[in-house]
Amino acid sequence: MASNIIQAATSHDALFPVQTRPRLLVVDDQPANIQVLYQILSSDYQVFMATSGAQALALCAARQPDLVLLDLIMPDMDGYQVCQRLKEDAVTRDIPVIFITAQTDESAEEMGFDLGAVDFISKPINPRIVKARVKTHLMLKAQSDLLRSWAYLDGLTGVHNRRFFDERVNAEMGRAIRNQTPLSLVMLDVDFFKRFNDHYGHQAGDDCLRRVAATLKNSLMRGGDHVARYGGEEFVCLLPDTDFAGAMRLAEAIRQEISGLQIEHAQSSVAPYVTVSLGIGCKPAHLHASAMSLISLADTQLYKAKEHGRHRYYGAELEA
Ligand code: GH3
Ligand code: MG
């Protein structure tokens with residue numbers, strides 16, 4: 001697939017680092033058509049390309065482009081089908097889609113809008129119109145991303161909130177089942193946090209939660225990993241494509257990182273500083289399971305870690 005991905009590299013690079021420029025995906029079964037759009041857009045944006053619907057879906061999931069320019073008529077999977085699949089998946093549904101088509105009849109356009117497209121551009125391409133439309137939709141996308149990110153953030157700690165997690169865990173489970181990949185969940189809870197609050201005050205408790213959240217964020221290495229505040233002093237790490245052994249290693253690293261902060265906790269029965277207990281659940285690659293069963297498994301393991309003395313982790317894999 002690498003040969004089918006073109007990434008813009010122009011003299012603008014020094015001014016606008018390539019990684020921070022908006023990402024566009026151009027999908028067309030005719031490489032010559034892609035080339036035309038590439039030439040128009042590559043000086044301002046990172047441009048990726050796909051020559052089939054299946055490739056487009058894979059790239060959208062992996063690279064999260066900010067906008068897709070989608071050819072309507074393609075063999076195998078047509079543009080309508082690609083758009084429909086993108087809108088069905090929570091991970092890709094917020095990526096705006098513009099159809100590029102030589103068809104001019106209104107019913108084709110109506111159908112595209114019904115499927116969730118934001119605009120149509122007709123062939124042959126007019127470079128100035130393409131540039132203007134792309135710019136407008138990228139601006140709208142940036143604004144809605146910002147609003148969405150506020151709605152999905154926890155006000156106290158700045159990591160994702162429960163709403164984000166509830167949506168994401170279902171989407172990631174669906175994807176893990178489709179792709180036959182593992183999915184792990186680490187759930188953790190601060191030990192004797194009520195005593196911490198009672199002793200040091202609520203303000204210090206809030207500061208402690210902020211530091212725990214920041215440490216979790218730093219501990220997650222992969223782009224697809226997510227940390228969210230699940231409840232009061234309970235956090236979750238959602239780890240796509242991570243197997244049981246990997247999740248257990250991460251849990252141990254987190255356990256050490258948090259205690260390594262050496263946040264004084266004179267009232268804890270396990271250590272003179274703040275510690276956490278962790279529960280790990282893992283859906284193995286080839287198993288079908290529900291998000292609920294994964295959450296419940298991690299929760300049970302967390303409970304076990306508490307029961308067996310805290311400042312430790314337990315984990316298990318879901319079974320058929
Ligand atoms: P365990 O080791 O069994 O987890 O004991 P614990 O005291 O941590 O658990 P418990 O559920 O009894 O108490 C949790 C406490 O967390 C209750 C509340 O004082 C505190 N808490 C929950 N949310 C917040 C918050 O947003 N800020 C602060 N400062 N404290 C919070
Ligand atoms: Mg607790």
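The structure is a predicted model, in which local features need pLDDT of at least 70 and side-chain atom pairs count only at pLDDT 80 or more, while totals for chains, interfaces and linings use all residues. Residues are numbered from 1 along each chain as its sequence is written, chains are lettered from A and ligands numbered from 1 in the order in which they are written, and side-chain values use heavy atoms, with hydrogens and water left out.

I begin with the overall architecture. The protein chain has ten helices and ten strands; these are DSSP runs, H or I of at least four residues for helices and E of at least two for strands, numbered from the N terminus. Along the principal axes, the C-alpha atoms fill a box of roughly 75 × 45 × 35 Å. Of the 320 residues, 48% are buried, that is, under 20% relative accessible area with a 1.4 Å probe and protein chains only, where exposed means over 50% and partly exposed lies in between.

I turn to helix α2 (residues 53-63) and helix α3 (residues 79-88). Their axes come within 10 Å and cross at roughly 25°; axes are lines fitted to C-alpha atoms, for helices over the stretch in contact, and angles run from 0 to 180 degrees between N-to-C directions. α2 is therefore roughly parallel to α3, a term for angles under 35 degrees. G53, A56, L57 and C60 of α2 meet V82, R85 and L86 of α3, contact meaning heavy atoms within 4.5 Å.

Next is helix α9 (residues 244-260). Its 17 residues should span 24 Å at 1.5 Å a residue, and its end C-alpha atoms are 24 Å apart, which agrees; the expected span is 1.5 Å times one less than the number of residues. Among its buried residues are M248, L250, I254 and I258. The buried residues of α9 pack against β6 (183-190), α8 (202-219), β8 (234-240), β9 (276-283) and β10 (313-317).

Finally, the backbone. Most residues other than glycine have a negative phi, and most peptide bonds are trans. K123 and P124, however, are joined by a cis peptide bond with omega about -5°, and P124 lies in the loop between β5 (119-122) and α5 (127-151). D241, in the loop between β8 and α9, has a positive phi of about 55° and is partly exposed at 46% relative accessibility. Just after α9, Q262 takes a positive phi of about 55°. H311 also has a positive phi of about 55°, but H311 is buried, with a relative accessible area of 19%.

Definitions and conventions. Parallel < 35°, antiparallel > 145°, perpendicular 65-115°, else oblique.
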